[in-house]
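Please walk me through this structure stop by stop. I have it open in a viewer and want to know what to select next.

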Protein chains: 2
Amino acid sequence: MKYPNTKKLILEKALDYFTQKGYSGASIRQIARAVGIRESAIYNHYKSKEEIFNAILAEFKSRTISKNILSDDLLEELDNPEKFLKDFAKKLVDHWNTEDEKKFIRLLLMEQFTKIGSKELSTTEYLTELRSICKLIFSEMIKNGIIKKLDPNFLADEFTAYLFLLRTEYMSGSNNTAAPRIYELSNRHIEFIWNSIKI
Amino acid sequence: MKYPNTKKLILEKALDYFTQKGYSGASIRQIARAVGIRESAIYNHYKSKEEIFNAILAEFKSRTISKNILSDDLLEELDNPEKFLKDFAKKLVDHWNTEDEKKFIRLLLMEQFTKIGSKELSTTEYLTELRSICKLIFSEMIKNGIIKKLDPNFLADEFTAYLFLLRTEYMSGSNNTAAPRIYELSNRHIEFIWNSIKI
DNA sequence: TATCTTAATGAACGTTTGTTCTTAAGATAA
DNA sequence: TTATCTTAAGAACAAACGTTCATTAAGATA
């Protein structure tokens, strides 16, 4: 009998239960049953429930937005800034709409205040990378004289805030709004921002 | 011996534990100890843990934003729209910065995806009242010809989104940013919005 | 005074929790 | 082949869980 990749499977099922019942509400036995093994077998792979939680966090921390959404063909659109921003936002929405990302934002929202989550989870930290990318983009636009001279950090927040609200409402829970509608809202936001900052 | 208001106290302590450990992570025994009574005494006031949770929700649902932040003296500032919006945002921030409101948003974020919370808790529903107030305000401004003709629903969202991000980051968790700094950020946002929509 | 209601106690219940232990079978390496 | 390593099962553990119970004592009501 081959060894199936139980270790990975435990993480997947644990994430499912953590995001449905919270860390405390999910039990080792339920997770084990979902994996198809006994609860004692779990401990051959992780030495505690907390270690499972931390392993999930480590997996997400190792991922980066940049690689997923700042593709080369996107960067070539920089000469059409409004279209660039729209496509950038669209890629971000797509990324956030991923099944894995949706689960992670749920875990973040649920556990960021608890003892186990407060060490590693915070919305600010989660948005840090996106913020710095946006800041870079707007800084470049200012330098090239295509938008007004405003604080790029502030512009990054204005850009992000609306999308973050979209995400919180339509891309994390049961509120299953269709993707096209989200694109529509996102585009309208970009148009608003663009008309406010363009020279 | 007078009867102390144990019923109310149970709700307060339960909310504390729910927002620190999640609904599942908080136990009747811990809550009872915090109140100063035995766990069995809890059941003289509420017939189950779930009933305590629902009682907390009911208390928050019965409250309304309008009464707290749409005061008469604020409405008299409507002839100075930018100042009005700034003061409106400030009042909202103050309201959100209330100890009770902070606890509730935490409960909302934590339990909105769990079995017990999904029936009654949603970010969209929580923002509904604020949205409709904002919509009313912007509709009025459009009618009076002092701002551009844009979709008032959209303007309400743009107005709300940035403040919601501020709230999520600085007014719900351990990220204890001082109030003056939040006002500052809020004002800059209003100035940005105002310059974008004024005629 | 007698009765009723309220709010508390402490023990007990059956269940579930996270975790540990021993044991065994298949995979791997010598 | 033998020896070792990995992964699983199943029983067991003490602790904690939500809840129920009979009992008690103190105000409220009559």
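The tour below goes from the core to a helix, then to the chain contact and a loop. Keep in mind that this is a predicted model.

**Stop 1: the core**

Select A:F18, A:I52, B:F18 and B:I52. Within the largest nonpolar core, which has 131 residues, these four touch the most other members. As background, nonpolar side chains tend to be buried together in soluble globular proteins.

**Stop 2: helix α9 of chain A**

Select residues 123–143 of chain A. Helix α9 has 21 residues and spans 30 Å from first C-alpha to last, close to the 30 Å expected at 1.5 Å a residue. Where does α9(A) bend? Look at A:E129, where the bend is about 35°.

Next, colour the buried residues of the helix. They include A:Y126, A:L127, A:L130, A:I133, A:C134, A:I137 and A:F138. A:R131 is also among the buried residues. What do the buried residues of α9(A) pack against? In chain A, the partners are α5 (65–69), α7 (81–96), α8 (99–111), α10 and α11 (179–197). After the helix comes A:G145, with a positive phi near 70°.

**Stop 3: between the chains**

Show both chains as surfaces. The contact takes 38 residues from chain A and 38 residues from chain B. About 3,100 Å² is buried between them, and carbon and sulfur atoms give 67% of that area. In chain A, pick A:F113, A:F154 and A:F192. These three lose the most area to chain B, together 23% of what that side buries.

Switch to charged side chains. How many salt bridges are counted between chain A and chain B? The count is four. For a pair to inspect, select A:R131 and B:E169. They form a salt bridge, with the closest N and O atoms 2.5 Å apart.

**Stop 4: a loop in chain B**

Finish at B:I146. This residue lies in the loop between α9 (123–143) and α10 (152–170) of chain B. Is B:I146 buried or partly exposed? B:I146 counts as partly exposed because its relative accessible area is 30%, and buried means under 20%. Leaving aside residues up to four places away in sequence, B:I146 touches B:P81, B:M141, B:W194, B:K198 and B:I199. Finally, draw a distance to B:I197. The two C-alpha atoms are 8.7 Å apart, while the residues are 51 apart along the chain.

Conventions
Residues are numbered from 1 along each chain as its sequence is written. Chains are lettered from A and ligands numbered from 1 in the order in which they are written. This is a predicted model: local features need pLDDT of at least 70, side-chain atom pairs count only at pLDDT 80 or more; totals for chains, interfaces and linings use all residues. Side-chain values use heavy atoms; hydrogens and water are left out. Helices (H or I, at least four residues) and strands (E, at least two) are DSSP runs, numbered from the N terminus. Buried means under 20% relative accessible area, exposed over 50%, partly exposed in between (1.4 Å probe, protein chains only). Contact means heavy atoms within 4.5 Å. A nonpolar core is a set of buried Ala, Val, Leu, Ile, Met, Phe, Trp, Tyr and Cys residues joined through side-chain atoms within 4.5 Å. The expected span of a helix is 1.5 Å times one less than its number of residues. The bend at a residue is the angle between axes fitted to the seven residues ending there and the seven starting there. Buried area is the accessible area (1.4 Å probe) that two parts lose on being put together, summed over both.
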